[in-house]
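Visitor: Hi, could you walk me through this structure? I'm new to it.

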Amino acid sequence: MALTDFLLANPVDNMTKEVVVSKRLKDENGELYKFTIKPMLQEEYLNYQEQCTTAKKGGKIDFNTKRFNQLLILNHTISPNFRDAEFLQKAGCVRPEQALNKFLLSGEIQVLAEQIRIVSGFEDSLDDLVDEVKNS
C-alpha cells in the first residue's frame, strides 16, 4: 500500500528539475544558470524513437541521435523555452533548432539531453538506448 500511496502523491506528468549544463553559462556574479526540465513520458519516448529511426537495406537500422536530442531538449526544456515565438524573434531565428544551435555548444546540448534522459528514468547512456532501438 505504501508504494500505491507514493505513486498517487507523486505523478510524473508534473515533475520538473533544475539542472546546470555548463560552467560557461553564468551570470555577472558567477552564479551558474539552471535549465528547468521535465521528463518525457512513455508515449513521447516511443514517438521520438519512431521519428528518429529509419530502416535501411539489409535490415539495418539508422538512429538519428542529433534529432533525438533536439526533440528531447525542445519538448522537455521548460526554461528557457526554445520554442517561444518572442525568444525566437529576439534571437533572429526562424526555427527552435536554430536557436538551440546558436546558443548552446555541442557539449552543452549533449549534457542537457542527458539530464532529460536521466530525469525520465533512463540511467543508461544514449548508446544503450540506440542499441535498444536497434534490437526492438
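Guide: Helices (H or I, at least four residues) and strands (E, at least two) are DSSP runs, numbered from the N terminus. Also, this is a predicted model, where local features need pLDDT of at least 70, side-chain atom pairs count only at pLDDT 80 or more, and totals for chains, interfaces and linings use all residues. Residues are numbered from 1 along each chain as its sequence is written, and side-chain values use heavy atoms, with hydrogens and water left out.

Visitor: OK, in what sense do β2 and β5 pair?

Guide: Antiparallel, over two bridges, with β5 covering residues 77–79. Isoleucine 37 stands opposite threonine 77 in β5.

Visitor: And how many bridges are there between β1 and β2?

Guide: Four, again in the antiparallel sense, and β1 is residues 17–20. Valine 20 has lysine 34 of β2 as its bridge partner.

Visitor: Switching topic: how many residues does the largest nonpolar core have?

Guide: It has 28, and Phe35, Phe68, Ile73, Phe82, Leu104 and Leu112 have the most contacts inside it. A nonpolar core is a set of buried Ala, Val, Leu, Ile, Met, Phe, Trp, Tyr and Cys residues joined through side-chain atoms within 4.5 Å. Buried means under 20% relative accessible area, exposed over 50%, partly exposed in between (1.4 Å probe, protein chains only).

Visitor: Which elements give two or more residues to this core?

Guide: β2 (34–37), α2 (42–52), α3 (65–76), α4, α5 and α6 (106–119).

Visitor: What does phenylalanine 35 touch?

Guide: Among others, Val19, Leu25, Pro80, Phe82, Leu104 and Leu112, leaving out residues up to four places away in sequence. Contact means heavy atoms within 4.5 Å.

Visitor: How many aromatic pairs are there?

Guide: Rings of Phe, Tyr and Trp (its six-membered ring) pair if their centres lie within 6.5 Å; planes under 30 degrees apart count as stacked, over 60 as edge-to-face and the rest as tilted. By this rule there are five. One is phenylalanine 82 with phenylalanine 87, edge-to-face at 5.9 Å centre to centre and 80° between the planes.

Visitor: Is phenylalanine 82 buried or exposed?

Guide: Buried, at 3% relative accessibility, while phenylalanine 87 is partly exposed at 25%. Phenylalanine 87 also forms a tilted pair with phenylalanine 103, 5.8 Å centre to centre and 50° between the planes.

Visitor: Where do phenylalanine 87 and phenylalanine 103 lie?

Guide: Phenylalanine 87 is in helix α4 (residues 85–91) and phenylalanine 103 in helix α5 (residues 96–103), so their pair ties together parts 16 residues apart in sequence.

Notes
Pairing = 2+ DSSP bridges.
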